[in-house]
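Hello,

Here is the structure I said I would pass on. My notes follow below it.

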Amino acid sequence: MPGSTLALASAEHRKRWRRLLGQPLAVLALVFLGLLALAALLASWAGGDSGQVDLFNALAPSSPQHWLGTDELGRDLLFRLLLGGQVSLAVGLASALGAAVIGTVIGLAAGERGGWIDSLLMRGTDAMIALPLLPILIVLSAIDLTKLGFSAAVAQSENAALIRLVVLVALVGWTTTARLVRAAARETLAQDYVRAARAMGAGPLRILWRHVLPNIVAPLMVATALSVGQVILLESVLSFLGLGLDPGTASWGRMLAGAQDLLWEAPGLALYPGLAIAATVIACNLAGDGLAAAFDPRRSNRRS
Amino acid sequence: MLRYLTQRLLESVAVLFLVSAGTYVLLGLMPGDPIDLMISGNPELTIEDAQRLRAVYGLDQPILDRYFGWLGQALRGEFGYSRHFSQPAVSVLGDAVWVTLSVAAPALLLAFAIAIPLGLLAALRGGWLNRGINLAALISLSLPTFWLAIVLIYLFAVELRWLPAGGMGEGLAGRLEHLILPVSVLSLSIAGVFLRFTRAAAAEILGQDYVRTAKAKGVASVGLMLRHVLPNAALPLITLTGLQLGALFSGTVIVEILFRQLGMGRVLYDAVLGNDFNLALVALLLTTAATLLGNLLADLSHAWLDPRIGLR
């Protein structure tokens with residue numbers, strides 16, 4: 001009866017939420033991330049002229065007007081931090097989602113097909129995990145987009161830099177998800193009800209969509225949440241090295257790049273963006289661990 | 001064993017082959033081809049000269065032909081020239097390899113020295129000690145390496161003036177002094193992974209029957225750790241080390257750039273920024289080969305230490 005299955009499913013949901021709320025650190029982390037995202041979004045229209053360059057007021061210490069002081073061009077540091085938060089969080093989320101999609105497709109293909117496709121894909125994943133990512137990303141970020149067939153105007157726009165960063169990070173970040181999805185898919189595909197569905201003539205795509213995907217949503221969410229933190233770290237490193245975003249875009253890594261030269265005069269410029277990255281990544285990891293314990297207790301017990 | 005060895009070796013060669021092909025094709029997508037750069041360096045060259053030069057250097061050939069030509073030379077040990085240094089790329093990288101090793105190897109050892117005792121302690125004790133050590137590992141995983149480097153430079157070089165902010169140093173004592181900060185930063189940034197892993201492995205082993213038997217027979221904690229837990233945790237730890245070599249190299253790149261160490265990472269970064277793409281290609285290949293080799297060695301020593309794997 002569909003009614004009772006639905007009731008069962010919602011009971012399981014309630015149990016998950018209760019398990020999640022039972023972990024104060026994870027809840028705290030989620031609240032922090034929510035508030036950060038909200039503040040970053042609100043900053044754009046509540047900030048007024050805080051982003052204005054004011055050279056007479058450069059490198060000012062903290063004051064009632066500028067809580068964290070101003071940067072080398074006299075812009076409010078807190079406002080810049082929140083704008084940077086927009087970029088870092090958006091790039092982090094978009095890349096993590098992109099990586100999740102790539103990882104799911106590869107994991108499902110490997111788990112469903114098996115045989116030589118499976119071993120090829122998984123050997124490739126192993127190799128990907130072992131490769132030194134940062135040197136590869138440094139080389140990849142130097143690609144001239146006009147030689148890929150994009151027009152010069154598109155290639156030099158600010159959005160192109162953002163999208164390129166997201167694509168690059170997604171292209172290297174899918175490995176954990178692929179392994180998780182493959183393991184979960186194999187587990188589900190071996191179940192009797194899947195075999196029954198297959199015997200009744202269901203094709204592979206229908207089985208993946210109807211039976212496997214619903215079963216891997218939980219581990220997928222956990223893996224994605226955990227990867228957001230790593231992705232934000234990668235983005236900040238690339239931007240710091242001047243390979244990610246346009247110099248004008250305020251991302252946390254980009255802000256640190258400028259701050260390094262001013263370390264002697266204004267250490268605060270280097271302190272706050274770094275703290276923002278660290279706090280966000282710690283919060284993402286805590287939230288991911290919490291989600292793992294709440295949504296997928298069996299797997300997370302096995303892991304720790 | 002021999003079959004396993006051959007299979008892993010072939011896999012590594014295949015990956016290296018793919019990476020070299022991939023990077024070679026990517027080089028074609030880099031801004032400005034070598035002839036354009038030559039023209040900008042010498043305004044007297046005409047368009048006809050440029051076309052002739054392209055033919056001389058084989059740049060008018062299809063990219064696959066060029067790749068196989070490059071591969072043939074590379075297999076004979078000729079990796080081409082660095083545009084910036086006007087030297088064979090290999091000789092530029094020869095010195096850099098040692099600098100990178102002098103940063104990465106001590107950092108890895110230091111990370112073990114931090115992570116293994118703390119991981120065992122956390123698994124054995126539980127309670128607030130376990131939670132504290134876990135939090136420390138989480139922070140190590142989450143801190144941006146480059147920011148940690150900036151903070152330590154500020155503390156020890158700007159405020160306290162105890163250590164140099166960067167550079168290579170003169171003589172052995174000077175070199176060691178200049179290595180303290182980069183090695184510390186790198187080891188702190190990778191210790192978290194090893195710490196978490198050691199704790200998880202040790203906790204699992206502590207739950208096994210034979211450990212409980214040993215405990216019941218009155219073996220003290222230290223003896224238990226040294227005799228039963230550590231040898232069994234060592235195997236997965238070796239595999240993890242192999243897998244973490246890529247991350248270690250990535251961290252080395254950051255540390256080399258920030259502390260101005262003239263290692264592989266710094267050379268690669270400067271080469272990409274300076275359009276010296278042949279040097280960048282060779283540096284990337286060398287780094288990848290080193291990582292794959294380390295990974296292979298880790299797997300082999302694992303297979304050698306664990307007789308069960310040889311049977312597979």
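B:Glu11 and A:Arg123 form a salt bridge, with 3.8 Å between the closest N and O atoms; the term stands for a side-chain nitrogen of Lys or Arg within 4 Å of a carboxyl oxygen of Asp or Glu. The rule finds two salt bridges across the interface of chain B and chain A.

This is a predicted model, in which local features need pLDDT of at least 70 and side-chain atom pairs count only at pLDDT 80 or more, while totals for chains, interfaces and linings use all residues. Residues are numbered from 1 along each chain as its sequence is written, chains are lettered from A and ligands numbered from 1 in the order in which they are written, and side-chain values use heavy atoms, leaving out hydrogens and water.

At the interface, 42 residues of chain A are in contact (heavy atoms within 4.5 Å) with 43 residues of chain B. The buried area (accessible area, 1.4 Å probe, lost by two parts on being put together, summed over both) is about 3800 Å², with 79% from carbon and sulfur atoms. In chain B, the most area is lost to chain A by B:Leu29, B:Phe146 and B:Trp147, together 17% of what that side buries.

Within chain A, helix 8 (residues 175-189) and helix 10 (residues 204-240) have axes that come within 9 Å and cross at roughly 140°. Helices here are DSSP runs (H or I, at least four residues), numbered from the N terminus, and axes are lines fitted to C-alpha atoms over the stretch in contact, with angles from 0 to 180 degrees between N-to-C directions.

Regards

Technical notes:
Helix = DSSP H or I, 4+ residues; strand = E, 2+ residues; numbered from the N terminus.
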